[in-house]
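Subject: Structure for your review

Dear colleague,

Please find the structure below, followed by a summary of what was found in it. I would be grateful if you could read the two side by side.

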Amino acid sequence: MSKVSIGEFEEIVMLTVAVLYKDAYGVAIKKDLEKRSKRNVSLGAMRTALKRLEKKGFLTSEFGEVTAVRGGKRKRYFKVTPYGKKVLEQVMETRKRLWDAIPELALDI
Amino acid sequence: MAYPRDIVPPKQLIRFFRWFCDPELVEDLEGDMIELFEERSRASSSRAKTLLAWEILLLFRPGIIRNFEGNKNLNNYGMIKNYLKSAWRSFMKYKTFSAINIFSLTIGMAACMVIFLFVKDERSFDAFHEKKDKIYRLCEVQSFPGTNTQNVALTMGGMGPTMATEFPEIESFTRFWNWGDQLLELGEKKITIERVAGVDSSFFEIFDYPLILGDPGEVVDEPLDAVVSEEVAMKLFNKMEVVGETFVLDGDQCIIRGVMENVPENSHLQFNILLNIKSAALDNPDFDSQFGGNFLNTYFVLNEGADLENMAERYPDYLSRNTGREDVNERYKLYLQPLNEVHLASMDIEHDYNNHRKFNGTYIDVFILVGIFILIIASLNFMNLTTARASNRAKEVGIRKTIGAIKGQLFNQFILESIMLSLMALIFAIGLTLIALPFLNALIERQLTLISIFSDPLLILIILSISLILGILAGIYPSLYLSSFRPVIVLKGFKSYEKKSLFRSSLIIIQFSLALGMIIATLVVIQQLTFMKNKDIGFTTDHILLLDMNQQTREKYDELKQALLNESNILGVTGSGQRLGNNLHQWGYKVMYDTGVVSVTPSNVFVDHDYLDVYGIKLIKGRTFSKEFATDDGLAFIINESFAKELGFEDPIGQKAGHSWYPNDSLGTIIGVTEDFNFNSLHYKVNTLSMVVHTDWGYSEMSIKLNGENIEQGVKDVERIYDQFVTDYPIDYKFLDSHFEELYKSDVQMGSVISIIAALSIFIGCMGLFGLASISIQRRIKEVGIRKVMGASAKELVALLSKNFTVMILISFVIATPITYLFISDWLENFAFRIQIDPLIFLAGGMIALFIALITISFHVIKAANANPVKSLKYE
């Protein structure tokens, strides 16, 4: 396995970005995240995670058009990179292998 | 875009966000926030604002905050960061030195802080009255024949009202008549309340003692109107709303018109209940125009521009008109004392009974001086060590200069370093003060707190700037010195560059002169205090219990005395009108000479027959009072030696004398002469004194001499017997020796402060010496090695290495001695009974300093002298 490390929160953020596809910008990601994971996410925590992921090369981002709402500020849309996709798959693969390795009786508590 | 009015995001918050946010993130994050805000505003705009603030707070985190470090900006952040880093590294590299540096500054600052708190506390006395600059206390200088001239804060009852009408400068007056402890009756309940006093109706308009209930202009308007403190209100009625309640005092029903806050500790007047002053003179309509006895304090408010000297010129005329006595101006001189001098500048006033915690103001100046001294010593230490350590930083300076640093930059670097150290010292000093304050408070009986500093922004600013200035001042010389190194020389090798430093030696000399001065002063102060403690004052103060008398004990005096005397632990019982330890009151007195009757005014006290025996006062001539002679009750006088000398009889025994009101043809007789004993404090000379017995006058105090081996039991016996005789009044007693301790409290406290400071200053001085010794010996280590190889013994080497320091201490001694002598003899002037300054004290002080200094450096000296020379010589 490669040396890529990715945290649980980062993973969820990346998946959400993937889910939202063309519509993945700050507020949308935050709302979707909160809806699905049923926990409160602050803009700060989310934005730092996004920044980190972008720096690691899992995500790219670009500005959208200027609109009349949002105080005239542009949205920043995020997209999962091919490298990011590979990492997500790796993570899932690892999990899957682990699940497969669990003896059937171990979880019959 | 324009928002609807109520959903505009708070501007300041957004501005704050824009300030701290990374420029790369600012646009989309702000947009996200505003979008959320707009959405939330539709539900509730206030909630939206709160959430926005919360969101921004959570955004204030690494990752979002922009890079404030300078390398991208055109400023000095990077350089300053580098300065701080190299300061920290050199700090950590030479831990001992840095610790000595900071620690000595810390101690100096902490000492200063404590002194500052103390001085601030003392200076805060009576400062809470709005009219404080216009309030004056009337005082008298009394020069009666046959007694020492004295200043007196007590005045006559009529002076306040009559002067207020005669002198246009006087806006208003109030009198303060201390009635001491009084028994209050509340129906069946009887309670003794301490510190009851009578005042004029204007009292609360002149002084700003805050009232909780009642109008300052009205609360003590009529006789029998009373104002009680919160504490008394709770004690009497168990509630605060007591206006309209009544109590009985001395048979009169008094009505409470107001409740005041408890009188603060920093007020020279202390009272729990105030009554209109006329309450004590209900059947005396002439009270306001009475002259004669001095028994109360008078305060005036003067108008703007009142000329005290001009007023003083009119006092004689005023006195002679009002008292109707020709000689009054020979005996009395009036003067006004400003309110702000009452607490700190009343040491020359002898009869000064309403002056709570009176303190010798000159000691305040001593404290300030001492505080400055210790700060100087600490800063000199700092300068000295930093300069001495310069060689450690020389290479750094050389390289910085080679790379292109200019002198100014290097100067700034070292100043910055020094400021940093002094600020660190300040922080430690605050901590140290916090730890030390409880102990100090116990020692000097104060309630000093650091809070009084931190509640005042101005003071915080002052303290910060003082530390800054200290940092700059202490850093200036080392910085100049360090920044002036020539790079070629220091990079080539610094060692030959350094010569003996006259500057550093003189700093050491100044430090040690100051420390030495304080050591010597401490020794003298301690000697004087011990002298006062041990001086035979002519009577015994040990194991004497003073029992306050009241109506019931006065009525049953003889029975009570007999019952007490039956106890085995009680060795003697006697009564008196006044307590020893103050100046005793002066009364008019007559003496019959061949040529006629002469009036004199000695101190007087009326006593019980066995007074001299109980107190162990020694007779020189004649006999003591005896019950066998009926005339000994009122017509026999025992005088002291001073008075006998003053009278001038060849043999005073048998001479005719008496109180001024005795008719000339029925005077009493002088029956004895005692040794002079110090009935007043040792600050004052022994005044002339006459003692007399008046069994029918009612003693104010009973002196009970207990068996020293069984004091506890003795006190229990007194309490038990007291309870058998007295039902209405709780017992109130005090020990005479504790009363005497009180007399010298101000002196003892000064003594302890000086001792502590002296110890600290020598300690700081030695820390500096320790550091310096290590450096200078390090520098001579090769010399030591060679000498050793050539055959010098360890002993010779120790002598050689200590020589320099010994010379410095000797020079300090020569400088410190005369200055200290002047200070000390000036201080001793305060005491009528004082020690002679012993030259040995100076020698002892010098020896102590030298000894401590040598011990301090011996650590390094002995190490160097015993070191293996091979080690120091092998690298060459």
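Arg720(B) forms a salt bridge with Asp717(B), with 3.1 Å between the closest N and O atoms; the term denotes a side-chain nitrogen of Lys or Arg within 4 Å of a carboxyl oxygen of Asp or Glu. Both residues belong to helix α23 (residues 711–725) of chain B, where they are three residues apart, about one turn of the helix. Helices (H or I, at least four residues) and strands (E, at least two) are DSSP runs, numbered from the N terminus. Arg720(B) counts as partly exposed because its relative accessibility is 39%, while Asp717(B), at 4%, counts as buried. Here buried means under 20% relative accessible area, exposed over 50%, and partly exposed in between (1.4 Å probe, protein chains only).

Please note that this is a predicted model, in which local features need pLDDT of at least 70 and side-chain atom pairs count only at pLDDT 80 or more, whereas totals for chains, interfaces and linings use all residues. Residues are numbered from 1 along each chain as its sequence is written, chains are lettered from A and ligands numbered from 1 in the order in which they are written, and side-chain values use heavy atoms, with hydrogens and water left out.

Over all chains, the count of salt bridges comes to 47. One of them joins the side chains of Lys561(B) and Asp610(B), at 3.0 Å from N to O. Lys561(B) lies in helix α20 (residues 557–565) of chain B and Asp610(B) in the loop between β18 (603–607) and α21 (611–615) of chain B, so this pair ties together parts that are 49 residues apart in sequence. Both Lys561(B) and Asp610(B) are buried. Glu829(B) and Arg834(B) also meet through their side chains in a salt bridge, at 3.8 Å from N to O. In that pair Glu829(B) is exposed at 53% relative accessibility, and Arg834(B) is partly exposed at 36%.

Turning to the strands, eight of the nine residues of strand β11 (residues 294–302) of chain B are buried. Strands are taken to pair if DSSP finds at least two bridges between them. Strand β4 (residues 170–186) of chain B runs antiparallel to β11(B) and is joined to it by six bridges. Strand β1 (residues 135–142) of chain B is likewise antiparallel to β11(B), with three bridges, and strand β3 (residues 155–156) of chain B is antiparallel to it with two. Phe300(B) in β11(B) is the bridge partner of Tyr136(B) and also stands opposite Phe173(B). Asn294(B) in β11(B) is the bridge partner of Met156(B).

As for the interior, a nonpolar core is a set of buried Ala, Val, Leu, Ile, Met, Phe, Trp, Tyr and Cys residues joined through side-chain atoms within 4.5 Å. The largest one has 158 residues, and those with the most contacts inside it include Phe539(B), Leu564(B) and Tyr615(B). Helix α18 (residues 502–534) of chain B supplies the largest share of this core, 15 residues. Domain 3 (362–531 + 745–873) and domain 4 (544–736) of chain B each contribute at least three residues to this core, the domain bounds coming from an automatic or database domain assignment. Apart from this core lies another, of 36 residues, among them Tyr25(A), Phe20(B), Leu29(B) and Ala48(B).

Yours sincerely
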